[in-house]
Amino acid sequence: MKRYWIGLLPASVVAILATALPASAQQSTQFQVTLTVQAECRLTSASDMAFGNTGVIQTAITSTSTIGVQCTNTTPYNIGLNAGSGAGATVAARRLTSGAGATITYELFRDASRSQQWGNTVGTDTLAGTGTGVVQTLTVYGRVPAQGTPAAGNYTDTVQVTVTY
């Protein structure tokens with residue numbers, strides 16, 4: 001049989017034990033977490049357009065290219081294409097140019113039926129859209145119309161893509 005001793009502790013011992021024991025009270029507070037998302041658009045890609053190889057340009061030659069654009073969700077945007085770097089080029093008659101300076105006329109369109117010229121005047125001939133937060137891929141439809149064929153060679157042009165939002 002075990003025996004236990006129960007007794008009273010002096011006040012000084014109780015005071016020492018009380019200060020050595022951790023407190024059991026708690027306090028809490030809060031803080032806010034914030035982020036401001038601003039309207040933004042980015043051009044993520046633009047693939048080259050190749051009309052291939054040809055001899056005499058007796059019939060129209062078509063091709064396509066793609067442009068990737070990523071805008072914040074619900075942000076309206078417009079994609080514009082300039083006339084290109086060919087001498088004398090306009091939005092309606094862009095110019096592929098050879099190293100010797102010869103040119104071939106071509107056109108860029110916003111629609112598959114190739115009836116809406118693609119230019120860079122917002123509200124007139126750009127392609128309007130609304131951002132979804134993910135990359136959207138847009139198709140550029142190109143056509144080299146039948147025309148007199150210049151000298152053999154490689155013909156190139158550079159078109160600037162602009163996103164306005």
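Arginine 114 is buried, with a relative accessible area of 15%, where buried denotes a value under 20%, exposed a value over 50% and partly exposed the range in between (1.4 Å probe, protein chains only). The structure is a predicted model, in which local features require a pLDDT of at least 70 and side-chain atom pairs count only at pLDDT 80 or more, whereas totals for chains, interfaces and linings use all residues. Residues are numbered from 1 along each chain as its sequence is written, and side-chain values use heavy atoms, with hydrogens and water left out.

Arginine 114 is located in the loop between strand 5 and strand 6, and its phi is positive, at about 55°, although the residue is not a glycine. A positive phi, near 70°, is also found at threonine 74, again a residue other than glycine. Threonine 74 belongs to the loop between strand 2 and strand 3. With a relative accessibility of 60%, threonine 74 counts as exposed.

The chain contains one helix and nine strands; helices (H or I, at least four residues) and strands (E, at least two) are DSSP runs numbered from the N terminus. Along the sequence, these elements follow the pattern α-β-β-β-β-β-β-β-β-β. Of the 165 residues of the chain, 29% are buried. Among contacts (heavy atoms within 4.5 Å) in the chain with a separation of 6 or more, 73% are accounted for by residues 24 or more positions apart.

Six strands form an open sheet in the order 1-2-7-5-4-8, with antiparallel pairing; two strands pair if DSSP finds at least two bridges between them. Strand 1 (41-46) and strand 8 (155-156) are the edge strands of this sheet, each pairing on one side only. Strand 4 (residues 94-98) and strand 5 run antiparallel and are joined by four bridges. Leucine 96 stands opposite isoleucine 104 in strand 5.

A further open sheet comprises three strands in the order 6-3-9, and its pairing is antiparallel. Its edges are formed by strand 6 (127-130) and strand 9, each of which pairs on one side only. On average, neighbouring strands of this sheet are turned by 25° against each other, direction ignored; the axes are lines fitted to C-alpha atoms, for helices over the stretch in contact, and angles run from 0 to 180 degrees between N-to-C directions. Strand 3 and strand 9 are paired in the antiparallel sense over four bridges, and glycine 80 stands opposite threonine 162 in strand 9.

The largest nonpolar core has 21 residues, and those with the most contacts inside it are Ile67, Val69, Tyr77, Ile79, Leu81 and Val144. Such a core is a set of buried Ala, Val, Leu, Ile, Met, Phe, Trp, Tyr and Cys residues joined through side-chain atoms within 4.5 Å. Two or more residues of this core are given by each of strand 2 (61-71), strand 3 (76-81), strand 5 (103-109), strand 7 (135-144) and strand 9 (161-164). Strand 2 provides the largest share, four residues. When residues up to four places away in sequence are not counted, valine 144 touches Phe51, Ile57, Thr59, Ala60, Ile61, Ile104, Thr105 and Tyr106.
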